[in-house]
Amino acid sequence: MATRGGGFDWRRIVFGDENLPDPDYPLDHVPKDERKGLVSLSAVLLGLVFFAGTMWAGAEVSAAMGFREMLSAMVVGHIILGGYVALLCGISARAGLTTVLLARYSFGRVGAKWADLLLGGTQVGWFGVTIPMVAVPTATYLGLESAAMLSGLIVVWGVMHMMTAYFGYDGMEKLSYVAVPFLVIVGVLSIVLAVGEAGGIDGLLSQVGGGEMSFGLAVTIVVGTFISAGTQAPNWARFAVSSRVAFWAGLIAFLVGNSFLFLSGAVGGAVYDVTPQGDLYEVLVAQGLATVGLIALILNIWTTNDNAAYAFSVAGAEAFDFDRKRPFVITGCFVGIGLALAGADSLLLPWLELLGQYVPPLGAIIIADFLLCWRRSIPRMDDVRFTSVRWTSVLAYVAGCLVAVLTAGSVLPGVTIAAPVPGIAALNGMIAAAVVHVVGYYALEESGLLPSHEIPEDADRI
């Protein structure tokens, strides 16, 4: 963008038109006249969940458990994931707020910074983990496999992924309208071809697992594939015209869409001996559809990674209380590109397991807080004097994470402990966090023993 002096207006490139509000409202409620319908929101959220890593996870679980057992874990995991995300989406549409702004109500002005770090930080890492998933196949397809060319492609794809997030919801919406129908058609075609190669449905169902994986761990991996992104679905669902539209869009994307990707990976991994197991591109190459596979992979990763960039940009805006998202899009993307160049893609599956334990309690507290403490009606942010930390929520989050760790038997990837609590780590952590939060609110905040926000009686409630 040229200035009268003939140079570029770098300030406008970084901050946008500072005479107008940021069109994505990173620090405010989305106005009613900026809201979107079911088709628009579903397209954006489906673009988010259409991610090749979900296919890898599907193939891994199927190989460890067997195809029939994988189906059971997939159904349970996606019911948990879909219901959790749909509730968050409905809440965000009612409030018109991002996840980290909802966390300001639940955790306090300073307490919300943990949500910024947890959600924004994991998405920067996610951005770095996923760029090589498209850069490496592109290099292979074009015959440009030297280290220098691969590094160049990582930078190119990272910048491309940044650009749609840079233009906000509208940029991601336009890309999703192209990508989602194409990916659905290609996915269905690939499954049909793979089922034929396997000798039909019966051939798939007869396949047994070759590794050890408990049902609880399998469900945790299913939930973990998109629990971090799902917790941030409010960043887009807040644009919905109503809570009902947001709820159904979240359910369509995270129950139906994510199940479709997980199943695709399991089918491809069961039929074709490719590396990574169940990988979208490699499976389509094995089916004689290399060019189609590369296009599908490009769209698949792009629609997920621009959402990751958008998510860490709004988290950055909240963390620094700055009403522009673009500086954080640019900064976070270049950090993510640096991580990709450093080889962060090898950490994908441990990353999923970690997210499946430590992110769900945060979202569960937001849901419980809105439904049972705020009773579905929060005051506008301008009318609230936020306390620094809501300690009931902090205690609830710690309790939820502790229960999840004692269920999974894992503190960090490679750091294990005894697992005396039976069940599913993600679900147990969410239930524990929600219960402790609600009990703590009525026992400690309502009685005045712990501080809460100051809200005038005439506050405008949403």
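1. Let us start with helix H7 and its packing. The buried residues of H7 pack against helix H1 (10-15), helix H6 (112-142), H8, H15 and helix H16 (326-341). Those buried residues are Leu-153, Ile-154, Trp-157, Gly-158, His-161, Met-162, Thr-164, Ala-165 and Tyr-166. Here buried means under 20% relative accessible area, exposed over 50%, and partly exposed in between, with a 1.4 Å probe and protein chains only. Helices (H or I, at least four residues) are DSSP runs, numbered from the N terminus.

2. A word on what you are looking at: this is a predicted model, in which local features need pLDDT of at least 70 and side-chain atom pairs count only at pLDDT 80 or more, while totals for chains, interfaces and linings use all residues. Residues are numbered from 1 along each chain as its sequence is written, and side-chain values use heavy atoms, with hydrogens and water left out.

3. The expected span of a helix is 1.5 Å times one less than its number of residues. H7 (residues 147-166) has 20 residues and should span 28 Å, which agrees with the 28 Å between its end C-alpha atoms. H7 is followed by Gly-168, with a positive phi near 75 degrees, and H4 by Gly-96, whose positive phi is near 70 degrees.

4. Next, have a look at Gln-232, in the loop between helix H11 (227-231) and helix H12 (234-237). Gln-232 is buried, because its relative accessible area is 2%. Its side chain reaches the backbone oxygen of Leu-119 at 3.1 Å. Beyond its neighbours within four places in sequence, Gln-232 is in contact (heavy atoms within 4.5 Å) with Thr-99, Leu-119, Thr-122, Gln-123 and Ala-311.

5. Ala-311 and Gln-232 are 79 residues apart in sequence, yet 6.7 Å apart in space, C-alpha to C-alpha. Not counting residues up to four places away in sequence, Ala-311 also touches Gln-123, Asn-235 and Trp-236.

6. On a 1 Å grid over the protein atoms alone, a cavity is a set of points where a 1.4 Å probe fits but cannot get out, a pocket is an open set with protein on both sides within 12 Å along at least five of seven lines, and lining residues have an atom within 4 Å of a point. There are three cavities of 30 Å³ or more. The largest cavity has a volume of about 90 Å³, and its lining includes Phe-50, Met-55, Phe-260 and Asn-300. Helix H8 (168-197) gives the most to this lining, with four residues.

7. The largest pocket holds about 240 Å³ of space. Its lining has 17 residues, of which Asp-22, Pro-23, Asp-24, Phe-167 and Asp-170 lie nearest its centre.

8. Most residues other than glycine have a negative phi. Arg-375 has a positive phi near 55 degrees, and Arg-376 has one of about 65 degrees. Arg-375 lies in the loop between helix H18 (360-373) and helix H19 (391-408), and Arg-376 is found in the loop between H18 and H19. Arg-375 is exposed, with a relative accessible area of 53%, and Arg-376 counts as exposed at 51%.

Technical notes
Grid points are joined across faces, edges and corners, and a volume is the space filled by probe spheres set on the points. Helices (H or I, at least four residues) and strands (E, at least two) are DSSP runs, numbered from the N terminus. A polar contact is a pair of N or O atoms within 3.5 Å; within protein, one must be able to donate a hydrogen and the other to accept it, and residues adjacent in sequence count only if both atoms are side-chain atoms.
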